[in-house]
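Please examine the sequence and the three-dimensional structure shown below.

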Amino acid sequence: MFDKTLAELAQGLERGDYSSTELTQAYLQRINALDSQYNSFITVTEEQALAQAKAADEARAAGNGGALCGLPIAHKDLFCTQGVRTSSASKMLDNFVSPYDATIVSRLKNAGTVTLGKLNMDEFAMGSSNESSFYGPARNPWNTDCVPGGSSGGSAAAVAARLTPAATGSDTGGSIRQPAALCGITGLKPTYGRVSRYGMIAFASSLDQAGPMAQTAEDCGMILNAMAGFDPMDSTSAERDMEDYTAELNQPLAGLKVGLPKEYFSDALDAGVAEQVRNAVAEFEKLGATVKEVSLPNTELCIPAYYILAPAEASSNLSRFDGVRYGYRCEDPADLEDLYKRSRGEGFGAEVKRRIMVGTYALSAGYYDAYYNKAQQIRRMIQQDFVNVLNDVDVIMGPTTPQTAFKLGEKSSDPVSMYMEDIFTLSLNLAGLPGISVPCGQSNGLPVGLQIIGNYFAESKLLNVAHQFQQATDWHKQIPAGVEV
Amino acid sequence: MSLDRSEVEQIAHLARLQIDAADIDSYSDSLNSILNLVDQMQATNTDGVEPLAHPLDAVQRLRADEVSEVNQREALQAVAPATEEGLFLVPKVIE
Amino acid sequence: MEWEVVIGLEIHVQLSTKTKIFSGASTAFGAEPNTQACAVDLALPGTLPVFNENALRMAVMFGLAVNAEIGKRSVFERKNYFYPDLPKGYQTTQLAEPIVGPGFVDIETEEGVQRRVGLHHAHLEEDAGKSLHEDFHGMSGIDLNRAGTPLVEIVSEPDMRSSKEAAAYARKIHAIVTTLGICDGNMAEGSMRCDCNVSIRPKGEEKLGTRTELKNINSFRFIERAIDTEVARQIDLIEDGGTVVQETRLYDPDKNETRSMRSKEEANDYRYFPCPDLLPVIIDDSYIEAIRETLPELPDARRERFISEYNLSEYDAGVLSAYSAQADYYEQVVKLSGDTKLSANWVMGELAKFLNQNDTDIKDSPVSAEQLGGLLVRIKDNTISGNIAKKVFELMWSKGGTADEIIEAEGLKQVTDTGAIEKIVDEVIANSEKQVEQYKAAEPDKRGKMIGFFMGKVMKATGGKANPGAVTGILKQKLDALCD
């Protein structure tokens, strides 16, 4: 039964094949039995999960259950969960039990979902491999010597290993899409502002966006229905009407205009990845899409612009972790400065410190114009590139990542090579556009992800396009060897 | 742009990060390689381009001036490293 | 060498909103520590700011009141620094695009010096919490109730040339914000705080001297004293061959000296950048005009009206209009008493004296405008004399009650029955032979002054209740009759 999608499990609950309590117990047992191989969970919330499952069963029995009622999910550990440790995978917050729920957490709770636990990630979402977690790296179920990607690596690994049918993730530069690609699952980064950021521990405020990760586009749509929507607690939340993200799934794709950016298919792209992506595009042509080459001329500038803007915002966002009101405090601080420096020096890992320092430098007197302001100008140019292309095509397609999952330790000593992982994903965060990664093949036994990029607030379109692809292919149904279902 | 040890120390001080003396060179190396990477953008002409702070050209929404928060001191201070008489304790503040 | 003093002020005004600038926590003063510091104020991970509409409205009101350009687009930025009273590790403030652009106010010192003081700009920002330095086993305590209270920081041009002008400017800003009702004006509670930038230069020199910044001065009197002290220090320093160092200094009112703030010496690099959690604040003309419609009468206009409508002197009109609660009180008293001058004398005299002595704001005065008005009515209709009125006022202050109740209960009603007064006058004359002889011997034009002695005796005999006018008349008549 662990191969079932969220939609299929919902049908089972509806039919009474099993109760939410039975389902929850089964997943909890599975996590306890298998997660030592993947290290995808930081915290398993057995007691709360069973209480939520019981309440869901009662609601369903009373006829009050919605689409998600009683379905188990798990949250990336940067979403605040009341009464449960919310660590952002950092020593800094190892002792932080959140006194409140993030907006998306309470929305999913209200929808009746059952929270199995909190998922591993790169520390403060800074990384593309999950190796910067204070709790050790999560591992890729396709090959446990490989990384699951990051920063939502625990979310992707847990879904791929079928330890949870769905998970939440967050995406600042590709942190949903890249691990989804590397673990062979589906992950959607919505338009900036579509999903509330309140209660999501910030990395880079103008880039962060939460989204769903699951086996299929349909499941992502179901979760997004509960996550999305205006939140008065988040000034950057978009004031738009609610949509049913599952309503358009079955629209045929005939006449769909697809753009392939020539810059995404350079020599640097792994040949196996390129082949699978081209095969996927051919599949879309069979479904009635027309494909043309387009150009995003400033693609190469994404990385430098991003690696100024994201660290700059992060350097300021992470100043609140000072050992005064919550979180890690060093032993016996000699004075105030010692309290700050040692609490932060000991509480943050190396990559977090590195990015804080880059951001601090980029914002410091004398460098603001050369770095921060320049990066924001380039951000405008990158956005304009997308606006131009999306005036001409419905969706843009390309590889999610330049290569498949890499070995643990392979890039961890060289931050710059790690940053190149995000070349195709982070431009969407700069532009604020939605993107989805769907499994589209394998190369050397490891999954390849296809990224589909849409216009602002075109999540329904992306889910429709991805769903139609998944109706025609079965890459999303592939289960890693060694993962028993 | 290249940062030397003292500049790295100064940045770490601004960010209030204790860095072990032995690690400064490796931080310095990785910061320099990141700065080399980001310096690629310096070659791009951005004259006249309006900086983009936010992807959506949205404007600030306003909140009604009504008290919506109640006293939750006990719950909020349950996670604090040190409190006394409702205050957060820190090493002596000298003004 | 003749020196010219150059002063610019930065005034922080706490806006009297119900809630914080970016959270729904109350801003009420005096709550138990950290009971009004919510998750947003404590900068819990994941929390986000949402801007208070009333803070915006109040800032625009201020801008309109000081003849300023209103920023139709204003942007919040982050000023990054670490301090325990600053939970986020940055202060959300405005820098490049403030809500209020250049403006001006006109000031006049007590000596009549008039000047137009330019405002560079005013911006919205959040207040910090407080560090309490009582000793908790060698630690300090942090109270974040104040963190996030909305402030408007008003930055003047360096247009003032004396400590008196600086104080007059601060008083004018105080009058404006209290009249607008956007600040309670309570300086003792920190609702309005002043930083003074002070420098000196040789008279006639255009180039500004090096300035020092005097921090957090919380009364008008201290503004004057702090500046005078600092100016004297700078003059001594330069005349002894030294140079002024640009630094922040703290004024110590107990020692009447300024001293360097060691902890602020380190050169700060605040790394300002636009706050990505907040969006640009955009307002249009109709928003601004709707606020303009709601502006109350401003202190300058009120002062002019007090002169023209109530016939007050410029000085009295200036004092009474300088604080809106006082001006409101005064107008209420006038309405009841019907006497503008008598009302002015009492509000600025006896009432102000009691308020000062008891360190009480006029808004909290135990004697209401209605009570004082009722008292003045009894002076006007000769029920009591001015002196007795002071006694009634004192009782009103300490025990409450209307003037009529007190006059009745204490038997203070003035004796106007001439028969009764004549009887007492006769007794006094009969018992004051020596003084009567002196009176008779005096030149007629000197006699007026000598009546005072007899007057005192009569008043003493009547317990002060005799109508002074009637007594004077009768005394004069009877004494002069003796002289013939």
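Predicted model: local features only at pLDDT ≥ 70, side-chain atom pairs only at ≥ 80, totals over all residues.

**Charged pairs, cores and interfaces**

In chain A, the side chains of R354(A) and E351(A) form a salt bridge, with N and O 2.8 Å apart. Both residues belong to helix α11 of chain A, where they stand 3 residues apart, about one turn of the helix. R354(A) is buried, and E351(A) is buried as well. In general terms, side chains of opposite charge can pair when their charged atoms come close.

D41(C) and K20(C) both lie in the loop between β1 (3-14) and β2 of chain C, so the pair ties together parts that are 21 residues apart in sequence.

Another salt bridge of chain C joins the side chains of R302(C) and E297(C), at 3.8 Å from N to O. Are these two residues buried or partly exposed? R302(C) has a relative accessible area of 9%, and buried means under 20%; R302(C) is therefore counted as buried. E297(C), at 30% relative accessibility, counts as partly exposed, because that class lies between under 20% and over 50%. The pair also belongs to a network: salt bridges that share partners join E297(C), R302(C), R305(C), E309(C), D328(C) and E331(C). Over all chains, the count comes to 56 salt bridges.

D339(C) is located in the loop between α7 (324-337) and α8 (340-357) of chain C. Its side chain makes a polar contact with the side chain of K380(C), at 3.2 Å. When residues up to four places away in sequence are not counted, D339(C) touches V334(C) and K380(C).

The largest nonpolar core has 198 residues, and F124(A), F386(A) and I452(A) touch the most other members. Which helix gives the largest share of this core? That helix is α9 (residues 302-317) of chain A, from which 10 residues come. The surroundings of I452(A) can be traced in the structure. Leaving aside residues up to four places away in sequence, the residues that I452(A) touches include F284(A), V395(A), I396(A), M397(A), L462(A) and V465(A). P434(A), G435(A), I436(A), V438(A) and A466(A) are also among the residues touched by I452(A). A second, separate core has 65 residues, including L56(C), A166(C), C194(C) and L214(C).

The chains themselves also meet. The size of an interface is often given as the accessible area lost when the parts come together. Between chain A and chain B, this buried area is about 5,200 Å², of which carbon and sulfur atoms give 68%. In this interface, 70 residues of chain A are in contact with 49 residues of chain B. How many salt bridges and how many polar contacts cross it? The count of salt bridges between chain A and chain B is 0, whereas 20 residue pairs are in polar contact, both residues of each pair being at pLDDT 80 or more. On the side of chain A that touches chain B, the elements giving two or more residues are α9, α10 (336-347), α11 (350-363), α12 (369-390), α13 (415-419) and α14 (426-431) of chain A. Of these elements, α12(A) gives the most, with 12 residues. By class, this side of chain A has 39 nonpolar, 15 polar and 16 charged residues.

Chain B also meets chain C. Here 53 residues of chain C are in contact with 33 residues of chain B. Chain C and chain B bury about 3,900 Å² between them, with 59% of it on carbon and sulfur atoms. Between these two chains the count is 0 salt bridges, but 23 residue pairs are in polar contact, both at pLDDT 80 or more. The elements that give two or more residues to the side of chain C that touches chain B are β2 (51-52), α1 (53-65), β8 (130-136), β9 (139-143) and β16 (281-282) of chain C. The most comes from β8(C), which gives 6 residues. By class, this side of chain C has 26 nonpolar, 16 polar and 11 charged residues.

How values were computed. Residues numbered from 1 in each chain as written. Chains lettered and ligands numbered in written order. Heavy atoms only, no water. Core = buried A, V, L, I, M, F, W, Y, C linked by side-chain atoms within 4.5 Å. Buried < 20%, exposed > 50% of the residue type's maximum accessible area, 1.4 Å probe, protein only. Helix = DSSP H or I, 4+ residues; strand = E, 2+ residues; numbered from the N terminus. Contact = heavy atoms within 4.5 Å. Buried area = accessible area lost by both parts, 1.4 Å probe. Salt bridge = Lys/Arg side-chain N within 4 Å of Asp/Glu carboxyl O. Polar contact = N/O pair within 3.5 Å; in protein donor to acceptor, adjacent residues only side chain to side chain. Nonpolar A, V, L, I, M, F, W, Y, C, P; charged D, E, K, R; others polar.
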